Each structure stands twice: as C-alpha cells, then as structure tokens.
Amino acid sequence: MTDRQPLVAANWKMNGARASVAALLGGLRQGLLENGAEVLVCPAFIHIPLAAELLAGSSIGLGAQTLAEYGNGAYTGEISAAMLNDYGCRYVIIGHSERRHILGETDATVARKFRQAQEHGLQVILCLGERLEEREAGITEQVLSEQLDAVINVAGTDCFHGAVIAYEPVWAIGTGRTATPEQAQAAHSFIRLQVARHDDCVAAALRIVYGGSVKADNAAALFAMADVDGGLIGGASLNIDDFLAICRVAR
Ligand code: PEP
C-alpha cells in the first residue's frame, strides 16, 4: 500500500492551435470529476498563456515541455524557469527522449536543466528510458542508472524530493508498442531502488509514472502495478475522450 497520489500528465508536444487548445481544455474542465488523481497538461510554450487563462480556478495543473538550462539573459529563443513561474507553470518535463535523441540533449544538459528548474521551485518530471537496441542488448538497467546518476551528480542526492520520474522506453513512444505491465513494473522498481540507495524516504514518496503508447484500453493494467504511479501521455492526450478515460482509470 502506498499513499502516493497518482499523476496523469498530458504531453501535447508541438501540436495544437489556439482553437484546439481551448477545445481540449474546455472538455477537460467539463469532463474531469474530482477523482483523487492529479491531472496536468503540458502545452507548447506559445500556448501556455492561453492555457493558464483557461485553467484559472481549476485543479488541473500546468507544465512546460522543457526550459532553458540558464537563467534569464542573452540566450536568444530560450524560455527560462522564471518565465514559466510567471505564467503559473508548476511542472516542467525534462529529458524527454525526443529532446535527447532528436534535439541532441545530453545527460549533462538534462542535469543542468533539472537543477535550473528546481532552483526556481518548479516540479520536475524527469524522463528516463532505454532505446530498443539497449533493451535487446540487456543494458536497460545500466542506461537508467546512468541517466539517474547524471542528474544526481549535478543536482545532489536529495534532488528527487518532490520530483516525478517518467519511465519512457524510447521504443514505446508514439509507436503503439507499449511495455507490458511487468516490464514497466521491473523498470519502475529498479528506478525506485536506485533512488533508495541515496534516500529511502524520498524513494518511497517518489511518483514514477509510465509513458509510451498509453491508451484507454491498456492504462488499467499498467497503473495497477505497484510502482506505477500514473502516466505521461502523448498521442492519447490530444483526444479528449481518450485522455479523460485514462484519467478515470488513474483514480
Ligand atoms: C510521450 O511523448 O511522452 C509519450 C508517452 O508519447 P505517446 O503516449 O504518444 O507514446
């Protein structure tokens, strides 16, 4: 038994327009019953002010999909932690595999972004996950511990206090191929044990959510696993009925 509150986070990636963002948030506000699970949306930066306005007074949280690794200053095109705070973002996703593998973020970049977010009071959703070739080579645990250690070395051993980890096997993201509940449980429990090597209490309270082709019809089996504390949802979060169904499962 655990008292970790389930979390369902929508990662809208680089999708949407003002009209579709408004429609999704309207549907979410209308359809989401208070259900014990925490729900949050992470729109593209440009939609954050609109989302903040439309979510005012609701319990639905707001997060960003990344942030700059530096504080305010001469970094053309970047968005800082302070700016996210200013618009009411409570969360920020860091280390998503698309940023690691398409946009070239290294473990070191991810760690600096993590520290930057925490220094500004943002709750981090740190994404970790192995690629297919790494799973097939039997080095999933090695990859996960390297990704964790990179953050701990820069942000300190107590850095996961108040943070969320998203286990997202790269081969399951946007592919329709989901990890089995047993594969997810094994990875989540490994991650929790790694954190417990530094701090038992932080590890026990740490929410570890699963991401990778979560749909309304596979969410229940995944969320039923002992160390799976909800989900980070990509594709299915863009459809209000599917996303609401996943949120209902999480309660
Ligand atoms: C994601 O991008 O974080 C994700 C989990 O995507 P999808 O649900 O589409 O696999």
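Glutamate 38 counts as buried because its relative accessibility is 12%, below the 20% cut-off. The model is predicted.

**Glutamate 38: position and neighbours**

- Glutamate 38 belongs to strand β2, which spans residues 38-42.
- Proline 6 is 32 residues away from glutamate 38 along the chain, yet the C-alpha atoms of the two are 6.1 Å apart.
- Leaving aside residues up to four places away in sequence, glutamate 38 is in contact with Gln5, Pro6, Leu7, Val8, Arg90, Tyr91 and Arg207.

**Glutamate 38: polar contacts**

- The side chain of glutamate 38 forms a polar contact of 2.9 Å with the side chain of tyrosine 91.
- A polar contact of 2.9 Å also links the side chains of glutamate 38 and arginine 207.

**Ligand: surrounding residues**

- The ligand is surrounded by 14 residues, of which Lys13, His96, Glu168, Gly174 and Ser213 are the closest.
- Sorted by class, this shell consists of 8 polar, 4 nonpolar and 2 charged residues.

**Ligand: polar atom pairs and cover**

- Histidine 96 places an N or O atom of its side chain 2.8 Å from an oxygen atom of the ligand.
- For serine 213, a backbone N or O atom is 2.7 Å from an oxygen atom of the ligand.
- For glycine 235, the distance from a backbone N or O atom to an oxygen atom of the ligand is 2.8 Å.
- On its own the ligand has 290 Å² of accessible area, and the protein covers 97% of that area.

Conventions: Residues are numbered from 1 along each chain as its sequence is written. This is a predicted model: local features need pLDDT of at least 70, side-chain atom pairs count only at pLDDT 80 or more; totals for chains, interfaces and linings use all residues. Side-chain values use heavy atoms; hydrogens and water are left out. Helices (H or I, at least four residues) and strands (E, at least two) are DSSP runs, numbered from the N terminus. Buried means under 20% relative accessible area, exposed over 50%, partly exposed in between (1.4 Å probe, protein chains only). Contact means heavy atoms within 4.5 Å. A polar contact is a pair of N or O atoms within 3.5 Å; within protein, one must be able to donate a hydrogen and the other to accept it, and residues adjacent in sequence count only if both atoms are side-chain atoms. A residue is near a molecule or strand if one of its heavy atoms lies within 4 Å of it. Accessible areas come from the Shrake-Rupley method with a 1.4 Å probe; for residues, only the protein chains shown count as cover. Ala, Val, Leu, Ile, Met, Phe, Trp, Tyr, Cys and Pro count as nonpolar, Asp, Glu, Lys and Arg as charged, and the others, Gly among them, as polar.
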